[in-house]
Amino acid sequence: RIVDAYGMWVLRHLKDPGQCHYLPKGKELVIGRRDCDILLRTDTSVSRKHALLLIAEDNKVYVTDCKSKFGTFVGGVKLPWNSKEELVQNAVVKFGQMGAEYRCHCQLVEGKSGGVVYLMLSLHPKGYCGSPWCSAVPPWREPRSRN
């Protein structure tokens with residue numbers, strides 16, 4: 001029986017879906033090339049401290065450009081420095097000018113009593129996030145025990 005369900009935001013790379021970053025509610029995460037919460041080391045157009053993601057307590061996600069050299073883009077539109085933009089379900093956000101392009105989406109996280117078994121389901125049209133952890137379980141089915 002499911003005892004808890006809530007949405008968790010995920011940044012998933014557009015060209016490499018295996019590259020994803022989970023965004024816990026109530027956190028501020030810095031994105032950049034060095035000493036950041038989300039490291040994008042291989043893209044030289046990403047600044048050391050490029051952008052800030054805020055996952056608010058009401059589960060809304062905001063991105064702010066931190067005066068990066070090459071900019072932060074939401075839906076192809078460049079954000080002004082220090083302006084906060086809300087990211088909606090399936091928003092595409094790009095950091096810099098090269099390949100750091102991600103889709104932001106909310107996944108449903110469900111837990112069973114005891115907190116031992118978890119199943120992550122995407123709100124993706126197929127109903128699952130595609131990772132090996134959750135794709136083997138059809139959407140909206142009770143999680144199986146991992147014994």
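This is a predicted model: local features need pLDDT of at least 70, side-chain atom pairs count only at pLDDT 80 or more; totals for chains, interfaces and linings use all residues.
How many bridges join β6 to strand β9, and in which sense do these strands run?

**View 1. Strand β6 beside strand β9.** Four bridges join β6 to β9, a strand of residues 84-87, and the two run antiparallel. Within this pairing, V63 has E85 of β9 as its bridge partner.

**View 2. The hairpin of β5 and β6.** Strand β5, which spans residues 51-55, pairs with β6 in the antiparallel sense through five bridges, and one of the residues involved is A51, whose bridge partner in β6 is D65. Five residues lie between the two strands of this hairpin, and N59, which sits in the turn, has a positive phi of about 70 degrees.

**View 3. The side chains of strand β6.** V61, V63 and D65 point one way from the strand, whereas Y62 and T64 point the other way, and all are buried. Because five of the five residues of β6 (residues 61-65) are buried, this strand is largely enclosed by the rest of the structure.

**View 4. The open sheet that contains β6.** Five strands make up this open sheet, in the order β4-β3-β5-β6-β9, and their pairing is mixed. The edge strands are β4, residues 38-39, and β9, each of which pairs on one side only.

Definitions and conventions: Residues are numbered from 1 along each chain as its sequence is written. Side-chain values use heavy atoms; hydrogens and water are left out. Buried means under 20% relative accessible area, exposed over 50%, partly exposed in between (1.4 Å probe, protein chains only). Two strands pair if DSSP finds at least two bridges between them.
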